[in-house]
Amino acid sequence: MTVDPTSNAFDIEIDVLVVGAGGCGLVAAIAAEAGGASVAVVEKLTRLAGNTLLSSGSIPGAGTRLQAEAGVEDGPERFIADLLAVSGPHEAEHLTRRLAATSAELVEWLIDEAHVTLTLVGTYRHVGHSVTRLHAPPSRRGADLVADLEREASARGIPVALGQPATSLILRGGRVVGVVTRDAEGRESRIGAGAVILASNGFGGAPDLVAAHCPEARGTTYAGAPGSTGEALAWGLELGAATGNLGAYQGHAGLARRSGALVTWTVIERGGIIVDRNGRRIGDETLGYSAFAGVEAAADAPLYMIYDARIEADVASGQPEFAEIAEMGDAAAGADAADLADAIGVHADALGATLADAANAAAGGEDAFGRTAWGFGPLGAPLRATEITPGLFHTQGGLMIDDDARVLRPDGSAIAGLFAGGGAAAGISGRAGGRGYVSGNGLLSALGLGYIAGRAAARDTAAKRAAE
């Protein structure tokens with residue numbers, strides 16, 4: 001909730017206060033500090049545990065120097081076209097354009113100024129991107145990206161208060177001027193700020209909000225950060241903020257049911273398929289890991305990702321986390337279709353017919369679901385299968401913001417002193433469930449809007465000081 005203070009007293013006053021210490025919040029804090037602002041971050045959890053940390057750390061950038069060095073021709077207009085082709089028309093297309101135009105600058109700033117180690121991902125290109133444009137840590141682990149950001153924030157002297165949840169925004173004369181926080185002992189602190197940036201992610205961890213806004217994801221397993229419970233949305237609505245694309249989310253159709261590990265969609269892109277309890281395919285798997293999560297949610301479980309030893313070895317060599325799938329007992333093996341069917345408990349004839357049909361399509365024949373991309377071609381022996389379930393990673397809709405991440409009212413006016421980014425803000429994945437998500441959209445919104453919000457908040461507070 002928001003409070004209107006009866007006193008002007010604050011326990012501490014700074015230029016920019018960031019609520020949330022995930023990728024968005026840390027980038028926002030670093031960008032604001034680089035812009036000359038005094039900055040602090042408050043985080044409700046006792047550790048860093050946002051969705052950036054859980055991701056592969058892949059950030060799309062269109063027109064970066066890393067692409068140029070690799071001979072990849074790209075630019076904002078091509079990126080915008082790719083994004084809109086998947087998302088369709090939506091309520092925040094201005095952010096699609098803004099983030100695409102800023103993406104190369106963001107990637108290079110992360111490398112040069114925030115000292116994040118990133119490389120161009122050249123071994124795979126997920127659905128939605130017409131060229132190679134994902135940039136990620138060499139490990140392909142978001143945890144390493146967050147560790148670099150945490151190190152940079154510390155080097156810049158930015159305090160990050162863990163276990164210090166914000167409980168309300170402080171409003172004065174129509175302007176957000178700070179927040180109230182509460183520590184583990186229940187003690188409250190009033191932090192005054194020239195600008196507040198909401199970087200507390202979305203509402204994927206709040207089942208009631210998911211049911212209300214993303215009903216398609218209601219039956220999926222939540223696999224996102226535990227702190228994504230919708231406070232930013234509630235605070236913004238109380239202040240009369242507009243919202244956008246609330247029905248969008250990032251799903252993942254490759255969550256290993258046994259261990260909860262993420263089975264990378266590169267397995268599908270190399271030629272893997274997904275079958276239901278009857279040994280039959282349920283759709284065109286190349287829709288993408290987010291879009292296919294909705295297909296799985298309506299299918300006959302249990303579901304299995306089927307691939308072969310060749311795909312297993314290739315993907316494991318480039319993505320270490322996938323190599324752990326077999327070690328954790330998530331990969332059943334079979335010398336042939338009948339052997340694999342026996343291992344996973346599906347009808348051998350049905351699985352054999354499915355594999356034969358897929359092999360025919362992969363060899364150039366017609367596919368019943370319209371799939372045309374088959375990676376390495378027909379699957380061969382020996383075969384592998386991993387039982388999977390659809391998961392919800394994070395919501396992609398939230399508070400409506402302008403090109404500088406200022407939170408807006410329905411009439412287009414800005415709520416003074418309030419910014420939002422990442423899952424707290426309206427995203428760029430359309431408004432139709434998980435179908436509009438392009439790989440990297442989550443981190444583009446998190447880090448991109450954090451970068452934009454931090455810089456804009458620093459400018460605003462500097463102008464405010466100059467006017468006083």
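Residues are numbered from 1 along each chain as its sequence is written, and side-chain values use heavy atoms, with hydrogens and water left out. Because the model is predicted, local features need pLDDT of at least 70 and side-chain atom pairs count only at pLDDT 80 or more, while totals for chains, interfaces and linings use all residues.

Helices (H or I, at least four residues) and strands (E, at least two) are DSSP runs, numbered from the N terminus. Two packed helices are described by the angle between their axes and the distance between the axes. For helix α1 (residues 23-34) and α15, the axes come within 7 Å and cross at roughly 30°; here axes are lines fitted to C-alpha atoms, for helices over the stretch in contact, and angles run from 0 to 180 degrees between N-to-C directions. The crossing of α1 and α15 is right-handed, a term for the near helix being turned clockwise from the far one by less than a right angle, left-handed being the anticlockwise case. Contact, meaning heavy atoms within 4.5 Å, brings residues of α1 including G23, V27 and A31 together with residues of α15, among them L447, G450 and G454.

Aromatic rings come next. The structure holds four aromatic pairs. Rings of Phe, Tyr and Trp (its six-membered ring) pair if their centres lie within 6.5 Å; planes under 30 degrees apart count as stacked, over 60 as edge-to-face and the rest as tilted. The pair of W265 and F292 is tilted, because the ring centres are 6.2 Å apart and the planes stand at 50°. W265 lies in the loop between β13 (249-256) and α9 (266-269) and F292 in helix α10 (residues 291-297), so this pair ties together parts that are 27 residues apart in sequence. Both W265 and F292 are buried, where buried means under 20% relative accessible area, exposed over 50% and partly exposed in between (1.4 Å probe, protein chains only).

Y289 and Y437 also form a tilted pair, with 6.2 Å from centre to centre and 55° between the planes. This pair links distant parts of the chain, 148 residues apart: Y289 is in the loop between β14 (273-275) and α10, and Y437 in the loop between β20 (414-420) and α15 (441-467). Y289 is buried, at 11% relative accessible area, and Y437 is buried as well, at 10%.

E152 belongs to helix α6 (residues 142-155) and counts as buried because its relative accessibility is 9%. The side chains of E152 and H115 are joined by a polar contact of 2.8 Å (a pair of N or O atoms within 3.5 Å; within protein, one must be able to donate a hydrogen and the other to accept it, and residues adjacent in sequence count only if both atoms are side-chain atoms). G423 sits in the loop between β20 and α15 and is buried at 14% relative accessibility. Not counting residues up to four places away in sequence, G423 touches N201, G202, T395 and G397. P226, in the loop between β11 (221-222) and α8 (231-238), is partly exposed, with a relative accessible area of 46%. The C-alpha atoms of P226 and G50 are separated by 7.7 Å, although these residues are 176 residues apart along the chain.
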